[in-house]
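Biologist: Let us talk through the aromatic rings here. Please set each label against its cut-off.

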Amino acid sequence: MSLLDKIYEVEEDHGEGSFVWAGNANELNAAYAADGYSRVKGLGVIVTTFGVGELSALNGIAGAYAEHVGVVHVVGTPSITAQSKQLLLHHTLGNGDFNVFHRMSTSISETTAFVSDIHTAPAEIDRVIREAYIKQRPVYLGLPANLVDLTVPASLLEKPIDLAVPANDVEAQEEVIATVLELIKNAKNPVVLVDACASRHDAKEEAKQLVELTQFPVFTTPMGKGGVDEGGVDGELFESDPSLISKVAAKLKAGKTAASRFGGVYVGTLSKPEVKEAVENADLILSVGAILSDFNTGSFSYSYKTRNIVEFHSDYTKIKQATFSGVAMKEALQLLNTKVKAAAAHYKVAPVPNIKMANTPATTNTKLSQEWLWTRVSSWFREGDIIITETGTSAFGIVQSRFPNNTIGISQVLYGSIGYSVGATLGAVMAARELDPTRRVILFVGDGSLQLTVQEISTMIRNGTTPYLFVLNNDGYTIERLIHGETATYNDIQPWKNLDLLPLFNAKDYEAIRVSTVGEAETLFTDKEFSKNSKIRMVEVMLPRMDAPSNLVKQAQITAATNAQQ
């Protein structure tokens, strides 16, 4: 708590609101929130107490490690003297081992530090912050209670932390660029595939430039959604011009932007047929930031016809079977982009698959379905939105939508910790407010997942944030029912009065709405006041129990078959 007092001292020195204590409901949610904050601003920080606090946070820290998210985990520990005497303190295992929790964190941290010397403390603190930012992985910083009030020279703050990414190996990079340019010169049917690490390691702009310079078709993975402009309809503009969808479609068809070359989401065998055909029949694949997990690849069902695959990663590049260590994608892509236009000059621009931007008309009393929802919500999104989807039907459904440009998509596809999205929404909405208070943060979470981390809605209210909380109520764990146990009670939940949650958490200015039909949803999405993030809103979307996006149904069948293998 002495450490936390410093927050107020910093705020006094730098002005009200310059340093904010978020104060989460529990440490797991705090870790999720730091993750969500980092995905918007590049680095998040969580502070916990020793033992009981840090262990509660570790599931969230592990998720950040798996998904390349920079988080600094500061742990307030007992004093150095107490540890050296092996005192039987609270929050310990009672065996005098004060390092056991630190050791637990080492496997899910890029680096760790335990501050024991005030003279070396500033350099150690700078080191772990740098590692978290550069590597986009969590780091652990133990800070003993007896050091908190000691001072170091203030002049150390005048020297900025070196956050520059290490330069690539020159000779290896030259070989990479020469080889890739030769592959491009010989390619007749190339594609670009953008994945999660393009966003995590700040290579979105380079990927965009690569597409616009070459005019190659570009696709994303589920984890990579939001990593490249998709050119979706802006909901705010759509309301003032109902013919906008056809105008946007025509512009995309004739344009040369990255959005005009966007062909959809590639998920192996779960892809739409035209997307599957376009990617798998390519004779050159330029992959940017790949994370080849099961749910990101349709259970490893990538079926490339070519061996001409270039993988640009955060710390290496792979061409066919050759790996070039020390050739990180950001610098490599920047250099490639200075030379690629001439190499791609021969390329005859091929059409990209069409992406549905408007629903087939339905009567107003038609019951809502996942298939209808995910297409319709595309034309309600607007440029700059931050869209968060929970593990389950939401994460699979969102790939069927088309984002407007400059949209951030957040979904924990690899680690898949149920309930992650609610905590991440808190972090994302606080980061968004710092960047641009008008920027909307939109959550889609299932009724089952919500119950794991619902307390963080209270923190959202406490901090005066105004996210949209879409609760997809399909009476339990539908993704689990699809995989195994359709009628099993372990996939049931206790039904909640979800719309009572905002007043329960003492919200004053809020909106709580339930929609069950196409007509009710259309009324909501065409309401201009609803589109302004002026208050916190919860929308309960009533859906049939076994209704799910088609790609999730297929994925569940594959997962069930995999689980049954001997």
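Biologist: Tyr468 and Phe530: buried or exposed?

Modeller: Tyr468 is buried, and Phe530 is buried too. Buried means under 20% relative accessible area, exposed over 50%, partly exposed in between (1.4 Å probe, protein chains only). A caveat on sources: this is a predicted model, where local features need pLDDT of at least 70, side-chain atom pairs count only at pLDDT 80 or more, and totals for chains, interfaces and linings use all residues. Residues are numbered from 1 along each chain as its sequence is written, and side-chain values use heavy atoms, leaving out hydrogens and water.

Biologist: How many aromatic pairs does a search of the whole structure find?

Modeller: The search finds 18. Rings of Phe, Tyr and Trp (its six-membered ring) pair if their centres lie within 6.5 Å; planes under 30 degrees apart count as stacked, over 60 as edge-to-face and the rest as tilted.

Biologist: Why is the pair of Trp380 and Phe530 called tilted?

Modeller: The centres are 5.6 Å apart and the planes stand at 35°, so the pair is tilted.

Biologist: What makes the pair of Tyr468 and Phe530 edge-to-face?

Modeller: The planes make 70°, with 5.3 Å centre to centre. The pair is therefore edge-to-face, as the angle is over 60.

Biologist: Which rings join Phe530 in a cluster?

Modeller: Ring pairs link Phe530 into a cluster with others, including Trp380, Phe403 and Tyr468.

Biologist: What lies over the face of Phe403?

Modeller: Lys225 does, at 4.2 Å from the ring centre. A charge sits over a ring if NZ of Lys or CZ of Arg is within 6 Å of the ring centre and within 35 degrees of the ring normal. The charged end of Arg137 likewise sits over the ring of Tyr65, 4.2 Å from its centre.
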